[in-house]
Amino acid sequence: MKSPTRPVTSIDVALHAGVSQSTVSRVFIEGSSVAEKTKQKVFAAARELNYRPNAFARSLTKNESKLIGLVFPDTDYPIHMQTLQYISHELQRFGYAAVLMPWCVDESNNHSIPNIFQYRVDGVIAASATLNNQLYQECEEFNIPIVQYARVADHTNSSYVVSDNYTAGKQAAMLFKKSGAQKAVYLTGDIPTQTNTARQLGFSQGWEKLFGAIPKVIETSYDYHQSQTDIRTMLRIDRPDAVFCATDSLAMSLMDVAKNEFSIIIPQELKVVGFDDIPQASWLNYQLTTFKQDFQRLANEAVAILMELIKDGNAKKIELIIPAELIERAST
(Lines give C-alpha, C1' and ligand atoms only; values in the text may rest on other atoms or scores of the structure.)
Protein backbone atom coordinates (compact mmCIF):
# COMPACT_ATOMS: atom_id res chain seq x y z
CA MET A 1 0.00 0.00 0.00
CA LYS A 2 1.37 3.38 -1.01
CA SER A 3 2.12 5.65 1.99
CA PRO A 4 0.55 9.13 2.02
CA THR A 5 2.61 11.98 0.63
CA ARG A 6 4.45 13.99 3.29
CA PRO A 7 3.28 17.62 3.51
CA VAL A 8 5.66 20.13 1.93
CA THR A 9 7.42 22.25 4.58
CA SER A 10 9.29 25.54 4.56
CA ILE A 11 12.52 23.52 4.73
CA ASP A 12 11.67 21.90 1.36
CA VAL A 13 10.97 25.32 -0.16
CA ALA A 14 14.23 26.71 1.24
CA LEU A 15 16.27 23.85 -0.27
CA HIS A 16 14.47 24.20 -3.62
CA ALA A 17 14.98 27.96 -3.75
CA GLY A 18 18.52 27.89 -2.40
CA VAL A 19 17.79 30.11 0.59
CA SER A 20 17.55 29.66 4.37
CA GLN A 21 14.38 28.50 6.12
CA SER A 22 14.19 31.82 8.00
CA THR A 23 14.16 33.63 4.65
CA VAL A 24 11.18 31.55 3.51
CA SER A 25 9.37 32.39 6.73
CA ARG A 26 10.01 36.12 6.30
CA VAL A 27 8.74 36.07 2.72
CA PHE A 28 5.32 34.92 3.93
CA ILE A 29 5.10 37.48 6.73
CA GLU A 30 3.53 40.71 5.50
CA GLY A 31 5.83 43.71 5.87
CA SER A 32 9.06 41.73 6.30
CA SER A 33 12.18 43.07 4.61
CA VAL A 34 13.21 40.67 1.85
CA ALA A 35 14.79 41.51 -1.50
CA GLU A 36 12.34 41.31 -4.39
CA LYS A 37 14.54 38.88 -6.33
CA THR A 38 14.66 36.56 -3.33
CA LYS A 39 10.89 36.82 -2.88
CA GLN A 40 10.28 35.74 -6.44
CA LYS A 41 12.62 32.75 -6.06
CA VAL A 42 10.75 31.64 -2.95
CA PHE A 43 7.34 32.17 -4.56
CA ALA A 44 8.41 30.15 -7.60
CA ALA A 45 9.65 27.30 -5.42
CA ALA A 46 6.44 27.37 -3.37
CA ARG A 47 4.32 27.15 -6.53
CA GLU A 48 6.35 24.27 -7.92
CA LEU A 49 6.13 22.31 -4.67
CA ASN A 50 2.50 23.34 -3.99
CA TYR A 51 3.54 24.73 -0.61
CA ARG A 52 1.01 26.41 1.68
CA PRO A 53 2.35 28.41 4.65
CA ASN A 54 1.00 27.25 8.01
CA ALA A 55 -0.72 30.32 9.43
CA PHE A 56 -1.50 28.57 12.72
CA ALA A 57 2.13 27.57 13.28
CA ARG A 58 3.24 31.14 12.57
CA SER A 59 0.70 32.43 15.05
CA LEU A 60 2.23 30.31 17.81
CA THR A 61 5.66 31.84 17.31
CA LYS A 62 4.25 35.39 17.17
CA ASN A 63 1.82 34.84 20.08
CA GLU A 64 -1.14 35.87 17.96
CA SER A 65 -3.73 33.86 16.10
CA LYS A 66 -4.95 36.41 13.56
CA LEU A 67 -8.45 35.26 14.51
CA ILE A 68 -11.28 37.50 15.69
CA GLY A 69 -14.22 35.96 17.51
CA LEU A 70 -17.68 37.07 16.34
CA VAL A 71 -20.53 36.58 18.82
CA PHE A 72 -23.89 36.71 17.02
CA PRO A 73 -26.24 34.39 18.94
CA ASP A 74 -29.35 35.49 17.03
CA THR A 75 -27.97 34.87 13.53
CA ASP A 76 -31.45 33.99 12.27
CA TYR A 77 -32.32 37.70 12.32
CA PRO A 78 -32.19 38.71 8.62
CA ILE A 79 -29.64 41.52 8.87
CA HIS A 80 -27.10 39.59 10.88
CA MET A 81 -25.85 37.26 8.15
CA GLN A 82 -25.17 40.29 5.96
CA THR A 83 -23.44 41.96 8.89
CA LEU A 84 -21.21 38.92 9.39
CA GLN A 85 -20.11 39.25 5.78
CA TYR A 86 -19.36 42.96 6.22
CA ILE A 87 -17.23 42.35 9.31
CA SER A 88 -15.44 39.30 7.86
CA HIS A 89 -14.54 41.17 4.69
CA GLU A 90 -13.22 44.15 6.64
CA LEU A 91 -11.16 41.91 8.92
CA GLN A 92 -9.53 40.35 5.87
CA ARG A 93 -8.21 43.76 4.86
CA PHE A 94 -6.22 43.79 8.10
CA GLY A 95 -4.98 40.21 7.70
CA TYR A 96 -7.44 38.68 10.16
CA ALA A 97 -9.97 35.88 9.82
CA ALA A 98 -13.32 35.64 11.60
CA VAL A 99 -14.48 32.71 13.70
CA LEU A 100 -18.13 32.50 14.75
CA MET A 101 -18.26 31.66 18.45
CA PRO A 102 -21.11 29.31 19.43
CA TRP A 103 -23.45 30.10 22.28
CA CYS A 104 -25.55 28.18 24.75
CA VAL A 105 -28.11 28.71 27.49
CA ASP A 106 -26.95 27.96 31.04
CA GLU A 107 -28.94 26.69 34.04
CA SER A 108 -30.12 30.23 34.86
CA ASN A 109 -31.51 30.67 31.34
CA ASN A 110 -28.74 33.14 30.48
CA HIS A 111 -27.10 33.12 27.08
CA SER A 112 -23.34 32.60 27.17
CA ILE A 113 -20.41 31.04 25.35
CA PRO A 114 -17.84 28.55 26.64
CA ASN A 115 -14.80 30.02 28.38
CA ILE A 116 -13.31 32.66 26.09
CA PHE A 117 -9.84 31.30 26.83
CA GLN A 118 -10.70 28.14 24.88
CA TYR A 119 -10.66 30.26 21.71
CA ARG A 120 -7.24 31.55 20.79
CA VAL A 121 -8.59 34.81 19.42
CA ASP A 122 -6.86 38.19 19.32
CA GLY A 123 -10.11 40.09 19.84
CA VAL A 124 -13.90 39.83 19.93
CA ILE A 125 -16.80 41.67 18.27
CA ALA A 126 -20.10 41.07 20.06
CA ALA A 127 -23.40 41.96 18.46
CA SER A 128 -25.99 40.46 20.74
CA ALA A 129 -27.73 41.72 23.84
CA THR A 130 -28.81 38.21 24.84
CA LEU A 131 -25.47 37.32 26.40
CA ASN A 132 -24.86 37.60 30.09
CA ASN A 133 -21.88 39.67 31.22
CA GLN A 134 -19.56 36.70 31.65
CA LEU A 135 -18.21 37.26 28.14
CA TYR A 136 -17.10 40.80 28.91
CA GLN A 137 -15.66 39.82 32.27
CA GLU A 138 -13.58 37.02 30.75
CA CYS A 139 -12.27 39.28 27.98
CA GLU A 140 -11.19 41.79 30.61
CA GLU A 141 -9.53 39.11 32.74
CA PHE A 142 -7.56 37.71 29.80
CA ASN A 143 -6.80 41.13 28.27
CA ILE A 144 -8.72 40.29 25.10
CA PRO A 145 -10.00 43.44 23.35
CA ILE A 146 -13.76 43.43 22.74
CA VAL A 147 -16.02 45.81 20.82
CA GLN A 148 -19.81 45.85 21.07
CA TYR A 149 -21.52 46.20 17.71
CA ALA A 150 -24.95 47.88 17.18
CA ARG A 151 -26.12 46.97 20.70
CA VAL A 152 -24.63 47.70 24.10
CA ALA A 153 -25.44 45.32 26.95
CA ASP A 154 -26.25 46.83 30.33
CA HIS A 155 -23.53 46.94 33.00
CA THR A 156 -20.62 46.57 30.57
CA ASN A 157 -17.70 48.91 30.10
CA SER A 158 -16.20 47.92 26.76
CA SER A 159 -15.85 49.99 23.59
CA TYR A 160 -18.79 50.12 21.20
CA VAL A 161 -20.09 51.44 17.90
CA VAL A 162 -23.86 51.97 17.66
CA SER A 163 -26.51 53.91 15.77
CA ASP A 164 -27.98 57.11 17.18
CA ASN A 165 -30.91 55.48 18.93
CA TYR A 166 -31.91 58.53 20.97
CA THR A 167 -32.34 60.77 17.92
CA ALA A 168 -34.23 57.99 16.11
CA GLY A 169 -36.69 57.85 19.01
CA LYS A 170 -37.31 61.60 18.82
CA GLN A 171 -37.80 61.38 15.04
CA ALA A 172 -40.39 58.63 15.49
CA ALA A 173 -42.35 60.82 17.92
CA MET A 174 -42.29 63.75 15.49
CA LEU A 175 -43.38 61.52 12.61
CA PHE A 176 -46.39 60.26 14.58
CA LYS A 177 -47.31 63.83 15.47
CA LYS A 178 -47.11 64.85 11.82
CA SER A 179 -49.28 61.91 10.75
CA GLY A 180 -52.05 62.76 13.24
CA ALA A 181 -51.45 60.18 15.99
CA GLN A 182 -52.72 60.91 19.50
CA LYS A 183 -52.06 57.82 21.60
CA ALA A 184 -48.65 56.16 21.26
CA VAL A 185 -46.94 53.06 22.68
CA TYR A 186 -43.33 51.95 22.67
CA LEU A 187 -43.24 48.18 22.12
CA THR A 188 -39.97 46.63 23.26
CA GLY A 189 -38.35 43.31 24.07
CA ASP A 190 -37.51 41.83 27.44
CA ILE A 191 -33.69 42.07 27.24
CA PRO A 192 -32.23 45.28 28.72
CA THR A 193 -29.68 47.17 26.61
CA GLN A 194 -28.31 50.68 26.69
CA THR A 195 -29.16 51.08 23.01
CA ASN A 196 -32.82 50.18 23.46
CA THR A 197 -33.02 52.39 26.54
CA ALA A 198 -31.67 55.33 24.52
CA ARG A 199 -34.26 54.71 21.78
CA GLN A 200 -37.08 54.51 24.30
CA LEU A 201 -35.87 57.65 26.09
CA GLY A 202 -35.69 59.63 22.86
CA PHE A 203 -39.21 58.56 21.93
CA SER A 204 -40.64 59.24 25.39
CA GLN A 205 -39.04 62.66 25.75
CA GLY A 206 -39.95 63.60 22.19
CA TRP A 207 -43.58 62.56 22.73
CA GLU A 208 -43.77 64.33 26.09
CA LYS A 209 -42.49 67.56 24.54
CA LEU A 210 -45.11 67.35 21.77
CA PHE A 211 -48.11 66.14 23.80
CA GLY A 212 -47.28 66.83 27.45
CA ALA A 213 -47.60 63.15 28.36
CA ILE A 214 -45.27 60.14 28.48
CA PRO A 215 -46.21 57.30 26.10
CA LYS A 216 -46.93 53.85 27.50
CA VAL A 217 -44.14 51.24 27.30
CA ILE A 218 -45.10 47.59 26.75
CA GLU A 219 -42.47 44.91 27.24
CA THR A 220 -42.75 41.57 25.47
CA SER A 221 -40.53 38.96 23.85
CA TYR A 222 -38.37 39.96 20.88
CA ASP A 223 -39.51 36.76 19.17
CA TYR A 224 -42.07 37.21 16.37
CA HIS A 225 -44.38 34.44 17.62
CA GLN A 226 -43.91 34.78 21.39
CA SER A 227 -44.68 38.51 21.29
CA GLN A 228 -48.16 38.01 19.87
CA THR A 229 -49.87 37.22 23.18
CA ASP A 230 -48.91 40.61 24.61
CA ILE A 231 -49.74 42.32 21.32
CA ARG A 232 -53.27 40.84 21.36
CA THR A 233 -53.76 42.07 24.92
CA MET A 234 -52.62 45.58 23.96
CA LEU A 235 -54.93 45.78 20.95
CA ARG A 236 -57.91 44.32 22.81
CA ILE A 237 -57.74 46.26 26.10
CA ASP A 238 -56.13 49.64 25.45
CA ARG A 239 -55.59 50.10 21.74
CA PRO A 240 -53.12 52.84 20.70
CA ASP A 241 -53.20 54.57 17.33
CA ALA A 242 -49.39 54.59 16.93
CA VAL A 243 -46.70 52.08 17.98
CA PHE A 244 -42.93 52.52 17.78
CA CYS A 245 -41.38 49.04 17.84
CA ALA A 246 -37.86 48.25 19.05
CA THR A 247 -37.28 45.95 16.04
CA ASP A 248 -38.82 45.31 12.64
CA SER A 249 -39.67 41.78 13.76
CA LEU A 250 -41.89 43.16 16.54
CA ALA A 251 -43.43 45.63 14.09
CA MET A 252 -44.30 42.85 11.64
CA SER A 253 -45.78 40.71 14.39
CA LEU A 254 -47.93 43.69 15.43
CA MET A 255 -49.07 44.40 11.88
CA ASP A 256 -49.98 40.76 11.19
CA VAL A 257 -52.02 40.43 14.39
CA ALA A 258 -53.69 43.83 13.91
CA LYS A 259 -54.77 43.15 10.33
CA ASN A 260 -55.59 39.45 10.50
CA GLU A 261 -57.16 39.16 13.95
CA PHE A 262 -58.59 42.64 14.64
CA SER A 263 -59.24 43.91 11.09
CA ILE A 264 -57.37 47.11 11.92
CA ILE A 265 -56.58 49.28 8.91
CA ILE A 266 -52.97 50.43 8.69
CA PRO A 267 -52.10 53.30 8.75
CA GLN A 268 -55.54 54.90 9.08
CA GLU A 269 -56.32 53.23 12.41
CA LEU A 270 -52.84 52.21 13.51
CA LYS A 271 -49.50 53.71 12.50
CA VAL A 272 -46.41 51.52 12.94
CA VAL A 273 -42.68 52.31 12.93
CA GLY A 274 -39.94 49.68 13.27
CA PHE A 275 -36.19 49.70 13.60
CA ASP A 276 -33.44 48.01 11.50
CA ASP A 277 -34.92 48.05 7.95
CA ILE A 278 -34.60 44.31 7.40
CA PRO A 279 -35.33 43.18 3.81
CA GLN A 280 -38.91 42.14 4.65
CA ALA A 281 -39.73 45.72 5.74
CA SER A 282 -40.12 46.72 2.09
CA TRP A 283 -42.35 43.76 1.17
CA LEU A 284 -45.77 44.71 -0.17
CA ASN A 285 -47.58 43.10 2.77
CA TYR A 286 -45.74 45.37 5.24
CA GLN A 287 -44.33 48.51 3.61
CA LEU A 288 -42.97 49.29 7.05
CA THR A 289 -41.68 52.71 8.02
CA THR A 290 -38.45 52.07 9.88
CA PHE A 291 -34.93 53.25 10.66
CA LYS A 292 -32.08 52.02 8.51
CA GLN A 293 -28.82 51.43 10.34
CA ASP A 294 -25.63 51.84 8.30
CA PHE A 295 -24.37 48.32 8.95
CA GLN A 296 -21.50 48.62 6.49
CA ARG A 297 -20.13 51.65 8.32
CA LEU A 298 -20.86 50.10 11.71
CA ALA A 299 -18.84 47.04 10.65
CA ASN A 300 -15.94 49.12 9.33
CA GLU A 301 -15.81 51.26 12.46
CA ALA A 302 -16.07 48.26 14.80
CA VAL A 303 -13.12 46.59 13.09
CA ALA A 304 -11.12 49.84 13.12
CA ILE A 305 -11.73 50.26 16.86
CA LEU A 306 -10.76 46.65 17.52
CA MET A 307 -7.55 46.99 15.51
CA GLU A 308 -6.64 50.05 17.60
CA LEU A 309 -7.31 48.16 20.82
CA ILE A 310 -5.19 45.21 19.64
CA LYS A 311 -2.37 47.53 18.63
CA ASP A 312 -2.47 49.51 21.87
CA GLY A 313 -3.48 47.45 24.88
CA ASN A 314 -3.78 50.61 26.96
CA ALA A 315 -6.10 52.43 24.54
CA LYS A 316 -9.05 54.16 26.16
CA LYS A 317 -12.64 53.02 25.79
CA ILE A 318 -14.08 54.22 22.48
CA GLU A 319 -17.76 55.16 22.11
CA LEU A 320 -18.92 55.87 18.55
CA ILE A 321 -22.48 56.84 17.58
CA ILE A 322 -23.56 56.86 13.91
CA PRO A 323 -26.79 58.42 12.55
CA ALA A 324 -29.67 56.15 11.51
CA GLU A 325 -31.81 57.02 8.46
CA LEU A 326 -35.60 57.26 8.67
CA ILE A 327 -37.21 55.30 5.81
CA GLU A 328 -40.86 56.32 5.39
CA ARG A 329 -43.26 53.78 3.88
CA ALA A 330 -46.99 53.08 3.92
CA SER A 331 -47.29 51.98 7.58
CA THR A 332 -47.37 55.65 8.65
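This is a short walk through one protein chain, from its overall make-up to a few single residues.

Some ground rules. The model is predicted, so local features need pLDDT of at least 70 and side-chain atom pairs count only at pLDDT 80 or more, while totals for chains, interfaces and linings use all residues. Residues are numbered from 1 along each chain as its sequence is written, and side-chain values use heavy atoms, with hydrogens and water left out.

Overall make-up. The protein chain has 11 helices and 14 strands. Those are DSSP runs, numbered from the N terminus: H or I over at least four residues for helices, E over at least two for strands. Of the 332 residues, 46% are buried. Buried means under 20% relative accessible area; exposed is over 50%, partly exposed lies in between, with a 1.4 Å probe and protein chains only. The chain exposes about 17100 Å², and carbon and sulfur atoms supply 50% of that. The areas come from the Shrake-Rupley method with a 1.4 Å probe; for residues, only the protein chains shown count as cover. Now contacts, meaning heavy atoms within 4.5 Å. Take those between residues at least 6 apart in sequence: 67% join residues at least 24 apart.

Next, the sheet. What is the strand order? It runs β2-β1-β5-β6-β7-β13, an open sheet of 6 strands with parallel pairing. Two strands pair if DSSP finds at least two bridges between them. β2 (97-100) and β13 (319-322) are the edge strands, each pairing on one side only. On average, neighbouring strands in this sheet are turned by 20° against each other, direction ignored.

Look at β5, residues 123-126. On one side, β5 pairs with β1 (residues 67-71) in the parallel sense, over 4 bridges. Ile68 is bridged to Gly123, and Leu70 to Ile125. β5 also pairs with β6 (residues 146-149), again parallel, over 3 bridges. There, Ala126 has Gln148 as its bridge partner. Which way do the β5 residues point? Gly123 and Ile125 go one way, Val124 and Ala126 the other, and all are buried. In a regular strand, side chains alternate between the two faces of the sheet.

On to a helix pair. α7 (residues 165-178) and α8 (residues 194-211) pack at about 35°, with axes 7 Å apart. Axes are lines fitted to C-alpha atoms, for helices over the stretch in contact; angles run from 0 to 180 degrees between N-to-C directions. Residues making the contact include Tyr166, Gly169 and Phe176 of α7, and Ala198, Gly202 and Trp207 of α8.

Now two single residues. Leu298 sits in helix α11 (residues 295-311). Why does Leu298 count as buried? Because its relative accessibility is 0%. Leu298 and Val161 are 137 residues apart in sequence, yet 6.4 Å apart in space, C-alpha to C-alpha. Leaving out residues up to four places away in sequence, Leu298 touches Tyr149, Val161, Val162, Ser163, Gln293 and Ile322.

Last, Arg329, in the segment after β14 (325-327). A polar atom of the Arg329 side chain lies 2.8 Å from the backbone oxygen of Leu288.

Notes
A polar contact is a pair of N or O atoms within 3.5 Å; within protein, one must be able to donate a hydrogen and the other to accept it, and residues adjacent in sequence count only if both atoms are side-chain atoms.
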